[in-house]
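Please look through the structure shown below with an eye to its charged pairs, its helix contacts and its backbone geometry. The report that follows takes these topics in turn.

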Amino acid sequence: MYIFAWLIFILPLISFPLALFIGRYRRNLAGIIASTMIGLSLLFSVLTYFEVQKSGIIYESFHWFSNINFGIYVDNLTLIMLLMVSFVSLMIQLFSIYYMKDDPNRHVYFAETSLFTAGMLGLVESSNLVFFFLFWELVGLCSYLLIGFWFFKPNAASAAKKAFIVTRVGDLLFLIGMAVLYTSLSGSSLLSPGQSPLSIPTIINLISTNSAGFVHAIGSTNLGIITLLFLGGVAGKSSQFPLHVWIPDAMEGPATVSALIHAATMVTAGIYLVARVFPLYEVAPSYSLITVAVLGAFTALFAGILGIVMNDIKRILAYSTISQLGYMLAAIGLSGIIGSIGVSLGMYHLIVHAMFKALLFMSAGAIMIALMDLRNVKEMGGLWRKMPVTVSLMFIGAITLAALPPTAAFFSKDAIIAGAWEYFSLSNGSIVYLLPWIFLTIGAFLTAIYTFRMFFLVALGKPRSHLAEHAHDAPLIALIPLFFLAALSLILGVFQGGFYNFLYPVYKAIDPSSVLIYSAPGIIQYIPLILALFGILITYIIYGTERWKHMDVSKRWFYKAAKEKFYLDYLFTRLIAERTIIPISGSIADVEHSYNRGVEKFGTDSLGFGSFLRKMQTGLVENYFLVIVLGMTLVFIFLIIGGAL
């Protein structure tokens, strides 16, 4: 057993009770305990990296129950997630020591964030989908606890419940997909006795060695159903349309929680799931990956539109997360035609996104501390002069989010858009195959607009509130984690080719095509960059000056529709929840109540009748004789009336 690989998720798990109970008496120790444990997870992730490079894949499995095993499976895909999750979580924990320093319940916070990280690391390492699902649920539970961390605020409590309920919809679909997979594969001659049908390495191995037999055993239709149900789970966890509605409200938690959810844990779990079980998508009917590509690309576009009309700094970043997750999912969907390099494109953008999104959220958190939790960007302004270090770090995050050269996202996002063009070029020319490129290209334009609208309103001009007037930087030592993230946001691009080559062995057996970094032909290649620069120019003209104050678009129908989030909240809350599910639930409850009352009445009547009969059990012979005489009399009366005598 390679114990270091197990300790990666066990240590933060141990940190949960330690931070909770020790921190109860020594509040300041909670952050140190949590950071130390996650720091050790990062150290063991690095050691595991070298072990895998030296000895190959780590797969350790133990019997659990029936034909289900639990264990760890560490290959190159797992490694990049382990390194990212542990590193970004450590940076967030270190910053949280400053961010949460005045919170009386910070020991609970550090305990819950440790459990959150443990859940994500366990999910990443799981060798079985059942084990994977348990950690998947643990991550969901922790997000509920942390979004509602300030539960005394009604909005925070409501947002936590909303996140929990919406993601449960996706979780149920994922669970049904697992059940269909288990039922379809159990008893198959492909499995040896005792072999788990939900074992990830087993599935990968079966598809790699005998894909035709695997498809025959499960059935093409079942594979399509399974992969689409899994995609439903991904839509809930990774906030894809239309199950994205919980993320903007989830901004009621601490900014560091938002950073953790958006960069290192929760939302990346769904993307990882698709990449992990990609062999299933590879052999499923083509409509599965087409759905993945179109859904991801549409989400990127849709969230970009909503991001433009938001004024809450955290909600702008929330919609940017949804949009960037759309890019990742779309990239994986492109694999249906361009090969497994699509998965590498998506995962590379996931890693880059983790760096700059954690940077942006923690920069926003530092600004919010300085401005007494003010979140409306229209009440900020001039902060580049007031908070030069923090806003400069945010600027690095902004240019990376907008994918400007030479930042890392320029390489990761551009490669996805170029891949989308290649996807269309290699297809049969149907408009469906062009949609991802159209959506993602317009998405690049929208990304530049909402990003720099936020940045210009925050950084430029004169302070527009008393709080902004008196803002100042956080202590430099508190910002050290942000410097690391900013540096990686800038330089990760140099590892683009190496990253793709590193992931290649994971999918080599099912797709032996070589690693290609696509570049679209001619002007097509530069369209995303041109649109991004054009978007920044427009945004500067409007929001870098005072022109926006003289503009009123609030009465435009499209603006109103976007401001209302295209009425999806109204659809889900008012129509589906309040006018459909609640009345149906009420009717079912009424039926159940009537049934229960009937059962109770029958029981009561039986009891009464029994009591009556019991009274006849007096033990006196004359009473029994009297009953017999009365009974016989009644019998004779009935016989006479019936004409039998």
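Predicted model: local features only at pLDDT ≥ 70, side-chain atom pairs only at ≥ 80, totals over all residues.

Asp249 forms a salt bridge with Arg315, and the closest N and O atoms of the two are 3.3 Å apart. The pair links distant parts of the chain, since Asp249 belongs to helix H9 (residues 246–249) and Arg315 to helix H14 (residues 313–333), 66 residues apart. Arg315 also counts as buried, at 16% relative accessibility.

Glu252 is buried, as is Arg315.

The structure holds 17 salt bridges. Asp249, Glu252 and Arg315 belong to a network of salt bridges that also links Lys162, Asp312, Arg375, Lys565 and Asp569.

Another salt bridge joins the side chains of Asp605 and Lys601, at 3.2 Å from N to O. Both residues lie in helix H26 (residues 568–616), where they are four residues apart, or about one turn of the helix. Asp605 is partly exposed, with a relative accessible area of 43%, while Lys601 counts as exposed at 54% relative accessibility.

## Packing of H11 against H14

Helix H14, which holds Arg315, also meets helix H11 (residues 267–276): the axes of the two helices come within 10 Å and cross at roughly 5°. Because angles under 35 degrees count as roughly parallel, H11 and H14 are described as roughly parallel to each other. On the H11 side the contact involves Val267, Ile271, Val274 and Ala275, and on the H14 side these residues meet Thr321, Leu325, Met328, Leu329 and Ile332.

Met1, Ile3, Phe4, Leu40, Leu43, Leu47 and Phe62 make a nonpolar surface patch of about 600 Å². The elements that give two or more residues to this patch are helix H1 (3–25) and helix H2 (27–55), and the largest share, three residues, comes from H2.

Phe62, one of the patch residues, has its place in strand E1 (residues 58–65). With a relative accessible area of 35%, Phe62 is partly exposed.

## Distances along the chain and through space

How far apart in space are Ile14 and Leu115, given that 101 residues separate them in sequence? Their C-alpha atoms are 8.4 Å apart. Ile14 is found in helix H1, and with a relative accessible area of 36% it is partly exposed.

For His550 and Val343, which are 207 residues apart in sequence, the C-alpha to C-alpha distance is 46 Å. His550 is found in the loop between helix H24 (522–543) and helix H25 (557–563), and it is exposed, with a relative accessible area of 72%.

## Backbone features in the loops

Most residues other than glycine have a negative phi, and most peptide bonds are trans. Against that background, a cis peptide bond joins Phe241 and Pro242, with omega about 0°, and Pro242 lies in the loop between helix H8 (220–237) and H9. The peptide bond from Pro405 to Pro406 is likewise cis, with omega near 5°, and Pro406 is found in the loop between helix H18 (388–401) and helix H19 (408–425).

The loop between H18 and H19 also contains Ala403, whose phi is near 60°, a positive value in a residue other than glycine. Ala403 is buried, with a relative accessible area of 8%. Asp373 likewise has a positive phi, near 70°, and lies in the loop between helix H16 (341–370) and helix H17 (383–386). Asp373 is partly exposed, with a relative accessible area of 39%.

How values were computed: Residues numbered from 1 in each chain as written. Heavy atoms only, no water. Patch = residues over 30% accessible without salt bridge, like charges linked within 9 Å, V, L, I, M, F, W, Y side chains within 5 Å. Areas by Shrake-Rupley, 256 points an atom, 1.4 Å probe, with all protein chains shown as cover. Salt bridge = Lys/Arg side-chain N within 4 Å of Asp/Glu carboxyl O. Buried < 20%, exposed > 50% of the residue type's maximum accessible area, 1.4 Å probe, protein only. Axes fitted to C-alpha atoms, helices over the stretch in contact; angles between N-to-C directions. Parallel < 35°, antiparallel > 145°, perpendicular 65-115°, else oblique. Contact = heavy atoms within 4.5 Å.
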